[in-house]
Amino acid sequence: MAKMLDIQAEDYDKIINSDIPVAIEFWIKSCGNCTKFKAIYEQLSEVFSDKLQFTRINMFESVKNLRLAEGLGVEITPTVKIFCSSEEIDEIVGFKPLDAVTVEIERIIKKLSRCKE
């Protein structure tokens with residue numbers, strides 16, 4: 001399994017309905033915090049790849065991507081939304097350093113016990 005995938009809005013339904021929980025980072029190219037967070041998100045995808053599928057959507061790459069993000073309530077970038085069996089479980093909003101976001105991911109993973117196996 002790939003550690004992290006760049007996806008488009010067209011992939012959203014297939015991704016969130018997968019058999020494993022999914023993290024989707026919503027980001028934009030002009031966002032300095034998104035640029036700093038990319039390396040952190042890549043590290044998270046390596047550490048937690050057995051628990052979550054890590055994906056990213058560039059919100060400004062297409063109108064569909066932007067509409068998806070807006071429809072999901074994304075107002076700040078980066079925002080990471082976690083899905084389990086197509087249900088949004090939690091989110092991490094804004095830039096956080098590796099230690100802080102690791103703690104958040106570990107807390108969220110504890111909620112994922114009801115996901116499909």
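Contact is defined here as heavy atoms lying within 4.5 Å of each other. The structure is a predicted model, in which local features need pLDDT of at least 70 and side-chain atom pairs count only at pLDDT 80 or more, while totals for chains, interfaces and linings use all residues. Residues are numbered from 1 along each chain as its sequence is written, and side-chain values use heavy atoms, with hydrogens and water left out.

Under this definition of contact, I15 touches I7, V22 and T55, when residues up to four places away in sequence are not counted. I15 is placed in helix α1 (residues 12-16); helices (H or I, at least four residues) and strands (E, at least two) are DSSP runs, numbered from the N terminus. The relative accessibility of I15 is 14%, so the residue counts as buried; the term buried means under 20% relative accessible area, exposed means over 50%, and partly exposed lies in between (1.4 Å probe, protein chains only). Between I15 and Q53 the C-alpha to C-alpha distance is 8.8 Å, although 38 residues separate them in sequence.

The nonpolar interior was examined next. A nonpolar core is a set of buried Ala, Val, Leu, Ile, Met, Phe, Trp, Tyr and Cys residues joined through side-chain atoms within 4.5 Å. In the largest such core, which has 19 residues, Y12, I24, F26 and L68 touch the most other members. Two or more residues are given to this core by each of α1, β2 (22-27) and α3 (63-71), and β2 gives the most, with four residues. F26 has contacts beyond four places in sequence with I57, M59, L68, A69, L72, V74, T77, P78, T79 and K81. A second, separate core holds 18 residues, including I40, L44, F54 and I82. In soluble globular proteins, nonpolar side chains tend to be buried together.

T79, one of the residues touched by F26, is placed in strand β4 (residues 79-84). With a relative accessibility of 2%, T79 counts as buried. Its contacts, again leaving out residues up to four places away in sequence, are with I24, E25, F26, V74, E91, I92 and V93. The side chain of T79 also reaches the backbone oxygen of I76 at 2.4 Å; a polar contact is a pair of N or O atoms within 3.5 Å, where within protein one must be able to donate a hydrogen and the other to accept it, and residues adjacent in sequence count only if both atoms are side-chain atoms.

Rings of Phe, Tyr and Trp (its six-membered ring) pair if their centres lie within 6.5 Å; planes under 30 degrees apart count as stacked, over 60 as edge-to-face and the rest as tilted. The ring centres of F37 and F95 are 6.4 Å apart and the planes stand at 80°, so this pair is edge-to-face. It links distant parts of the chain, 58 residues apart, with F37 in helix α2 (residues 32-47) and F95 in the loop between β5 (87-93) and α4 (98-110). F37 is buried, at a relative accessible area of 1%, whereas F95 is partly exposed at 29% relative accessibility. Y41 and F54 form an edge-to-face pair, with 5.3 Å between centres and 75° between planes. This pair likewise links distant parts of the chain, joining Y41 in helix α2 to F54 in strand β3 (residues 53-58), 13 residues apart. Both Y41 and F54 are buried. Ring pairs link F37, Y41, F54 and F95 into a cluster.

Two charged side chains were also examined in relation to rings. A charge sits over a ring if NZ of Lys or CZ of Arg is within 6 Å of the ring centre and within 35 degrees of the ring normal. The charged end of K36 sits over the ring of F95, 4.7 Å from its centre, and R56 lies over the face of W27, at 4.1 Å from the ring centre.

T77 and P78 are joined by a cis peptide bond, with omega about -5°, and P78 is found in the loop between α3 and β4. In the loop between β4 and β5, S85 has a positive phi of about 50° although it is not a glycine. S86 lies in the loop between β4 and β5 and has a positive phi of about 70°, although it is not a glycine. S85 is partly exposed at 27% relative accessible area, and S86 is partly exposed at 35% relative accessibility.
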